[in-house]
Amino acid sequence: MANISLQHLDKIYDNKVQAVFDFNLEVKDGEFIVLVGPSGCGKSTTLRMVAGLEDISAGKLLLDGKDITSAPAKDRDMAMVFQNYALYGHMTVYENMAFSLTLRKEDPNVIHKKVLAAAEILGLTDQLNKKPKQLSGGQRQRVAMGRAIVRNPKVFLFDEPLSNLDAKLRGATRREILLLHKRMNATMLYVTHDQTEALTLADRIVCMSMGHVQQVGTPLELYDTPANLFVASFIGLPPMNFFNVRMEGDQLEGSFFAYKLTAEQKELLKDYQGRELVLGVRPEDIETGGDIDVQVFSNENLGMSTLVHGRLMGRNTQDAQITCKLRGWCDYKSGDHVNVKFSKCHFFDKETTNAIR
Amino acid sequence: MMTLSLEDKKTIQLDRMRYTKNTFSSSMVYLAILFNVLYFVSIYESDVGSWYYAWIIGVSIVYNLVFMLISFLCSEGVKNYKLGYGYLLLGLGVGQIVRMFILPAMAHAAVTKRVIEKKAVEVPVMETPQYVLTIVLLALSAACCFAAGLVAVKRSRTLAAYNASLVEKA
């Protein structure tokens with residue numbers, strides 16, 4: 001398969017709007033990279049630049065060391081799977097999958113073998129004579145993937161391929177993509193705004209915001225050691241709780257609670273004595289039994305856990321909102337008080353928004 | 001680059017028929033329809049009006065319509081390897097050959113009076129060049145029907161046998 005090198009890529013549109021700023025990434029052979037971020041962050045633009053569907057305003061794009069910055073899309077040996085499938089409605093599944101190879105005037109017998117092999121991988125053998133309109137959304141997306149597979153490209157590009165599917169189908173198709181990657185060991189670039197997809201699929205995640213790369217790392221790195229407030233708030237569901245706190249002595253004082261620092265944390269925050277910083281706590285890192293008072297205003301049982309939305313000390317201000325993901329089945333009523341403690345905390349500089357490490 | 005043995009190629013060609021349409025036959029039928037239309041249009045190039053307005057005109061027009069409708073239906077049928085439509089096309093081909101001996105031959109043999117240099121002269125209703133043209137067009141249309149029909153029958157039988165062998169294997 002292939003190594004891709006994205007070096008200082010910029011995208012500036014004709015109307016002078018810059019969508020991507022200085023994008024740098026080295027994608028290793030067989031790696032599954034997921035570009036994640038909110039709508040308009042430049043992730044699809046980056047993917048389209050890699051595919052050759054958008055011109056690169058500045059920077060270099062290398063495929064296996066070969067400069068393909070200005071190469072047309074058809075010469076890049078990459079296959080792209082789109083959100084809306086982009087299938088030909090008047091063709092059967094077989095014809096859709098064979099189409100790109102037919103255009104290249106490959107031997108029909110070879111095309112047939114490749115199409116059947118791809119259909120076998122994707123479980124589409126029984127659907128080959130059907131038209132796309134006779135298929136479910138998940139099957140259509142598999143046809144779109146099959147069309148990419150038969151080309152045997154160096155790189156697979158996915159642009160939010162699961163966005164049109166319902167939740168159940170999305171989960172199933174996600175697992176299929178993962179199996180496909182393991183089976184083909186292909187280099188894949190995948191764009192999504194869904195962090196669940198990013199965390200479950202990626203070898204490495206590129207988290208983007210407003211055209212800038214915020215952090216590149218494994219799913220665990222992004223979840224466990226977010227580089228800044230944006231990554232911390234974007235990765236994780238429900239999102240991380242943030243509190244403005246001030247370091248006073250050996251504790252962090254918030255508006256409605258005080259958090260006693262461990263020796264290790266004290267050492268980490270020694271430069272912040274008397275200064276304000278942001279304390280981040282994931283809902284799943286909150287446990288019952290501490291001295292932080294939370295007044296419950298809603299209780300969502302999820303089976304294995306319970307999401308408790310509440311207010312610190314019953315105060316109705318932005319800084320007092322808290323979401324806790326407590327283990328087991330809890331039956332709190334609105335207005336109940338529960339004492340909690342933070343088992344793991346993240347610290348961020350208030351000015352730079354970067355994580356304090 | 002994938003290379004295939006001859007045996008592989010034969011099997012794959014058979015298997016391909018399960019997913020690809022018989023476009024050769026259906027294209028030949030479209031050609032047959034085209035030649036038939038050209039034939040029908042070319043009939044009116046000469047002064048057949050004086051002779052042509054008889055019961056035969058009704059039959060001719062209706063047959064043209066029927067031919068085009070049925071052959072179009074056949075083109076869809078043979079595209080999907082339906083054996084019956086292959087035989088029907090062979091029948092339509094025979095019909096096109098028979099037609100050569102009806103309207104064009106009769107019009108070529110018939111004479112009509114025409115005033116040439118203030119004299120009434122007897123001339124054929126359909127002159128020889130036009131007669132040849134209509135015959136050629138009908139012959140081409142018939143040839144297309146035969147080609148389409150024969151290929152469709154052969155392929156449909158082969159595919160049916162192959163499908164049966166797959167069922168047996170299963």
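Author: Domain bounds are those of an automatic or database domain assignment. The model discussed here is predicted.

Reader: Into which domains is chain A divided, and what distance in Å separates their centres?

Author: Chain A is divided into domain 1, covering 4-234, and domain 2, covering 241-349. Taken over C-alpha atoms, the centres of these two domains of chain A are separated by 39 Å.

Reader: How many residues of domain 1 of chain A are in contact with domain 2 of chain A, and of which classes are they?

Author: Contact here requires C-beta atoms, placed from the backbone, within 7 Å. By this criterion, four residues of domain 2 of chain A are in contact with four residues of domain 1. The domain 1 side comprises three nonpolar, one polar and no charged residues.

Reader: Which helix of chain A gives the most to the side that touches chain B?

Author: The contact draws eight residues from chain A and eight residues from chain B. Five residues on the chain A side come from one helix, residues 108-122, namely helix H3. By class, that side of chain A has four nonpolar, three polar and one charged.

Reader: Against which helices do the buried residues of H3(A) pack?

Author: The buried residues of H3(A) include A:Ile111, A:Val115, A:Leu116 and A:Leu122. Among the buried residues there are also A:His112 and A:Lys114. The packing partners are H2 (93-103) and H4 (137-150) of chain A, together with H1 (6-16) of chain B.

Reader: What phi does the residue that follows H3(A) have?

Author: H3(A) has 15 residues and reaches 21 Å from its first C-alpha to its last. The residue after H3(A) is A:Gly123, and its phi is positive, near 65°.

Key: Residues are numbered from 1 along each chain as its sequence is written. Chains are lettered from A and ligands numbered from 1 in the order in which they are written. This is a predicted model: local features need pLDDT of at least 70, side-chain atom pairs count only at pLDDT 80 or more; totals for chains, interfaces and linings use all residues. Two residues are in contact if their C-beta atoms, placed from the backbone, lie within 7 Å. Helices (H or I, at least four residues) and strands (E, at least two) are DSSP runs, numbered from the N terminus. Ala, Val, Leu, Ile, Met, Phe, Trp, Tyr, Cys and Pro count as nonpolar, Asp, Glu, Lys and Arg as charged, and the others, Gly among them, as polar. The expected span of a helix is 1.5 Å times one less than its number of residues. A residue is buried if 20 or more other C-beta atoms lie within 10 Å of its own, exposed if 12 or fewer, and partly exposed in between; C-beta atoms are placed from the backbone.
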